Amino acid sequence: MTEAPGPAGPQGDTYGTVEPRVPLADARVVLAGLGVTGRSLQRVLEPRVASLVTVDDKAHDADHGALDADGAAAVLASADLLVASPGFPPHHPLVAAALAAGVPVWSEVELAWRLRANRLGTDEPAAWLGITGSNGKTTTVEMLAAILRAAGLRTAAVGNVGRSLVEAALDPALDVIAVELSSFQLHFTHTMSLQAGAVLNVSADHLDWHGSLEAYTRDKGRIFERVQVACVYNVADPTTEDLVREADVVEGARAVGFAVGTPGPGDVGLVDDVLVDRAFHAEHDDPDRRKSAAELGTLADLKQLGDHNGVVPTHIVADALAAAALARAHGVPAAAVRDGLRSFGPSEHRIQRVAEAGGVTYVNDSKATNAHSAAASLAGFAHGTVVWIAGGLAKGATFDDLVSSRADRMRAAVVIGADPGPLADTLARHAPKVPVVVIDPGDTETVMRRAVTAARDLAQAGDTVLLAPAGASQDQFVSYAQRGEEFVRVVRDLTTTR
């Protein structure tokens, strides 16, 4: 980990020019994408810039639809700035044209950081605590917000949950913001300086967007650039520690590891069933250093997040430790960590127990959108008890390790998705004894009903029907949330009418 002189970022790098030629108030801005994030950006930008041109191939009210290279160059001819939603990767004609022409490209995060408001009664904006990783981001950011609220702080969890980041950044009533950051957002974020940031884990994901695992990993690591107090990493994932070592941080920032086991000096971890802090305890709880660690809580404080047997999964403990480390970096007392974890409930679409009928339990983990997350989900169930519903956009990833390592958990598998072939083929290779039903993708409106019906018919008493797709949802659903909601609706319909 190298130390930077301060929070100012570089003016240009491999991600393009950073600064517009004119102040934002005088800038001619192109906004790419009018989804949920894009609409928030549109509302914020329109009164703050000289002109705003919108591009979206699905929104009927966009100024421009799909663009080829020539059309993109024409739209950007007089532009000072491109603000791009995550649906516009670096190879998109509009983004590629901007980079080639020297037009700065900003993410929502970059814009929010530049516009952030001062807190009421102070001259300083709210601190940002950021979280990224291939899995666990939403759970951890919501845990962090619960801890901050338990400490009496005015906060918001933003990212894939709650309000948009740019709107939260403009709220002067907030003391601190818990920010979920995707690799897409980080790619075109140039000057953000978090008080503390965490990378939970790194596994192959979104390779179609980034082009390679190396590029994806590099973008995850951008969360640590210009960190002011602490870079939080996963001791069990050496890649996350490597990202800390490579980061340019503000002088005095430190590396803090989290481990589901005994923590080393300067880390947080688990001793027996107690979550402990060996990083910040001397500052917050024991100035005379009479104690070697501070107790942050116990596994009993996380029991509401346990599986159907009451066991708290290892990845939930890891998420809790990462959230605790970020909160402690902000100065939150140990008691607030405990109280926040106790108050935190299971998230929708994350190991959500939906119903039980005929001795079969139905669990919604629609947010398991990649192989690593689905593997963690399957690991929470005993041998031979799961009828697995899976499939969706692979995003350039493969399923070999997932299936080979978790085949012993499967009673059967039901494969959905617009292209079910890759997952079905992987199951045939690595789990030949597992019965597989492939759902015809033709009628997307009935996909989930047909999948749940097939799973119900395959399940036996004591089994769990688990939706843990290992893929993104947009091939057949609007979002992972809509996919999960459809699963819940169908399950409740089938189990109450059976």
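I took contact to mean heavy atoms within 4.5 Å. Helices (H or I, at least four residues) and strands (E, at least two) are DSSP runs, numbered from the N terminus. The model is predicted, so I kept in mind that local features need pLDDT of at least 70 and side-chain atom pairs count only at pLDDT 80 or more, while totals for chains, interfaces and linings use all residues. Residues are numbered from 1 along each chain as its sequence is written, and side-chain values use heavy atoms, with hydrogens and water left out.

Entry on α10. I used buried for under 20% relative accessible area, exposed for over 50% and partly exposed for in between (1.4 Å probe, protein chains only). In α10 (residues 238–246), I found Thr240, Leu243 and Val244 buried. Down the helix axis these buried residues fall within an arc of 100 degrees, so they line one face of α10; the arc is that of the directions from the helix axis to the C-beta atoms. Pro238, Arg245 and Glu246 are exposed, on the face of α10 turned away from its buried side. I then looked up what covers the buried residues of α10, and the cover includes β11 (196–199), α9 (213–221), β12 (230–234) and β14 (254–259).

Entry on α3. Which residues of α3 (residues 93–101) are buried? I noted Leu94, Val95, Ala97 and Ala98. Their arc around the axis is only 160 degrees, which puts them on the same side of α3. Among the elements covering the buried residues of α3 are β4 (28–32), β5 (51–55) and α2 (69–76). Gly102 follows α3 and has a positive phi, near 80 degrees.
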